[in-house]
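Q: Can you walk me through this one? I'd like to go over contacts, cores and strands, in that order.

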Amino acid sequence: MTVLAYEIMTPSIKAVPQSWTMDRLARFLTGNEITGSPVTDDDGEIVGIATLKDITEFRWNATRSDADRHLTPEEREEARRLRMVIFEEMGKVPVEVRDIMTPIVLSVDEKTPVRDIADIMMREHLHRIFVTNDSKITGIITTYDMLKVISDEGLTQRCADND
């Protein structure tokens, strides 16, 4: 018997509003020991996903540029100094989750076979994917949830029996 999404998904989803600041998101993620969270609009609808990687990339891009390699050492230092000034000023205006989130929400149906989910996650380089039933999100599958299939002998056997 095929292992389906609903059997391994995590049914509780910790979503954050898109109006939260990036710093509040970082505290929320680390406080809950998770690396990403769905983002909701004012009506509670999921509009994207925000991760620790999004925060890191925002901070990294604010202080670094690939264009620097074409500059002289003096120009590079001046560009770095200007980016730091701009970044410090940006820090005075809170960056909201909506500014850094990924606005694409990928999902699978509760009855999607785990093997298909693994294929999607690998192809799209995802660490998490939402699970739906009648277009409503009912859970999330993360790479941790996928490891359940390997660590649970019964699930592993059921996957092997389908080959």
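Q: Which side chain does Lys148 meet in a salt bridge, and at what N to O distance?
A: Lys148 meets Asp145, at 2.9 Å from N to O. A salt bridge here is a side-chain nitrogen of Lys or Arg within 4 Å of a carboxyl oxygen of Asp or Glu.

Q: Before going on, what are the ground rules for this model?
A: This is a predicted model, in which local features need pLDDT of at least 70 and side-chain atom pairs count only at pLDDT 80 or more, while totals for chains, interfaces and linings use all residues. Residues are numbered from 1 along each chain as its sequence is written, and side-chain values use heavy atoms, with hydrogens and water left out.

Q: Back to that pair: how are Lys148 and Asp145 placed in helix H7?
A: They are three residues apart in H7, and therefore about one helical turn separates them. Helices are DSSP runs of H or I with at least four residues, strands are E runs of at least two, and both are numbered from the N terminus.

Q: Is Asp145 buried or exposed?
A: Asp145 is buried, at 1% relative accessibility, whereas Lys148 is partly exposed at 29%. Buried means under 20% relative accessible area, exposed over 50%, and partly exposed in between, using a 1.4 Å probe and protein chains only.

Q: How many salt bridges does a search of the whole structure find?
A: Five. Among them is Lys53 with Glu57, where the closest N and O atoms are 3.7 Å apart. Those two are four residues apart in helix H3 (residues 52–63), so they are separated by about one helical turn. Lys53 is exposed, with a relative accessible area of 56%, and Glu57 is partly exposed at 38%.

Q: Which residue forms a salt bridge with Arg123?
A: Glu124, with the closest N and O atoms 3.6 Å apart. Arg123 counts as exposed at 54%, and Glu124 as partly exposed at 41%.

Q: Cores next. Which residues touch the most other members in the largest nonpolar core?
A: Ile8, Ile117, Ile141 and Met146, out of 15 residues in that core. A nonpolar core is a set of buried Ala, Val, Leu, Ile, Met, Phe, Trp, Tyr and Cys residues joined through side-chain atoms within 4.5 Å.

Q: Which elements give two or more residues to this core?
A: Helix H1 (5–8), helix H6 (114–124), strand S5 (128–133), helix H7 (143–151) and helix H8 (153–161). H6 gives the most, three residues.

Q: And what does Ile8 touch?
A: Leaving out residues up to four places away in sequence, Ile8 touches Val3, Val114, Ile141, Asp145, Met146, Lys148, Val149 and Leu155. Contact means heavy atoms within 4.5 Å.

Q: What about a second core?
A: There is a separate one of 13 residues, including Leu25, Leu29, Val39 and Val95.

Q: Val39 sits in a sheet, I think. What does Val39 stand opposite in S3?
A: Gly48. Strand S2 (residues 36–40) and S3 pair in the antiparallel sense over five bridges; two strands pair if DSSP finds at least two bridges between them.

Q: What is the strand order of the open sheet?
A: S1-S2-S3, three strands with mixed pairing. Strand S1 (16–17) and strand S3 (46–51) are at the edges with a single partner strand each, so one side of each has no neighbour in the sheet.

Q: Switching to S5: how many of its residues are buried?
A: Five of the six, so S5 is largely enclosed by the rest of the structure. S5 pairs in the parallel sense with strand S4 (residues 107–109) over three bridges, with Asp109 opposite Thr132. Six bridges join S5 to strand S6 (residues 136–142), and these two run antiparallel.

Q: Which residue takes a positive phi in the hairpin of S5 and S6?
A: Asp134, near 55 degrees; the hairpin has two residues between the strands.
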